[in-house]
Amino acid sequence: MRFFPIGLRVLLTFVFVAAGGAKLFGASMMVETFDAIGWGQWFRYVTAVVEIGAAAMLWVPVLSIIGSSMLFATMICGALFHVFVIGPSAVPALVFALLCLTLLWVDRTKLQLLMARLGFA
């Protein structure tokens, strides 16, 4: 069971760095997707930075809970965009949201460490 969180971190890091990189470097599918959203290409760049930055946070013990929370929120928003704007399926976004939520649950004890470092505990 000890290797489960590491494997999950590796998977999520790979997926979100790849997805963020595709957005950042302007893969045609990503450009078309963000055109369909209708908020402009700046939103694609913001999403890319969030995905790559949050994936990096997964490897910093005190920041991992923030990283997994950011990725979870990003995937929930992605699923909502798929359901209400883009189509056709929100299932991949929901699967990755659940994986992020799982990592958030695994790292829940790190929330106390983060709160202490921020002076709230």
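Predicted model: local features only at pLDDT ≥ 70, side-chain atom pairs only at ≥ 80, totals over all residues.

Residues are numbered from 1 along each chain as its sequence is written, and side-chain values use heavy atoms, with hydrogens and water left out.

Start with helix α1, residues 3–24. Helices here are DSSP runs of H or I, at least four residues, numbered from the N terminus. α1 has 22 residues and spans 31 Å from its first C-alpha to its last, close to the expected 32 Å. The expected span is 1.5 Å times one less than the number of residues. After α1 comes Gly26, with a positive phi near 75 degrees.

Now, which residues of α1 are buried? Buried means under 20% relative accessible area, exposed over 50%, and partly exposed in between, with a 1.4 Å probe and protein chains only. The buried residues in α1 are Pro5, Leu8, Arg9, Leu12, Thr13, Val15, Phe16, Ala19, Gly20, Gly21 and Lys23. Their cover includes α2 (28–37), α3, α4, α5 and α6 (110–117).

Next, the core. A nonpolar core is a set of buried Ala, Val, Leu, Ile, Met, Phe, Trp, Tyr and Cys residues joined through side-chain atoms within 4.5 Å. The largest one has 14 residues, and those with the most contacts inside it are Leu12, Phe16, Leu58, Leu71, Met75, Cys100 and Leu103. Two or more residues each come from α1, α3 (42–57), α4 (64–86) and α5 (91–106). The largest share, four residues, is from α5. Take Leu71 as an example: leaving aside neighbours within four places in sequence, Leu71 is in contact (heavy atoms within 4.5 Å) with Phe16, Glu51, Ala54, Ala55, Leu58 and Cys100.

On to the charged pairs. Side chains of opposite charge can pair when their charged atoms come close. The cut-off for a salt bridge is a side-chain nitrogen of Lys or Arg within 4 Å of a carboxyl oxygen of Asp or Glu. How many are there by this rule? There are three salt bridges.

One joins Asp107 to Arg9, with the closest N and O atoms 2.9 Å apart. Asp107 is in the loop between α5 and α6 and Arg9 is in α1, so this pair ties together parts 98 residues apart in sequence. Asp107 is buried at 2% relative accessible area, and Arg9 is buried at 9%.

Asp107 also pairs with Lys110, at 3.5 Å between the closest N and O atoms. Lys110 is partly exposed, at 22%.

Another pair is Glu51 with Lys23, at 3.1 Å between the closest N and O atoms. Glu51 sits in α3 and Lys23 in α1, 28 residues apart. Glu51 is buried at 2%, and Lys23 is buried at 8%.

Last, the cysteines. A disulfide is a pair of cysteine sulfur atoms within 2.5 Å, and by that rule the count is zero. For Cys77, the nearest cysteine sulfur is that of Cys100, 12 Å away. Cys77 is partly exposed, at 42% relative accessibility, whereas Cys100 is buried, at 0%.
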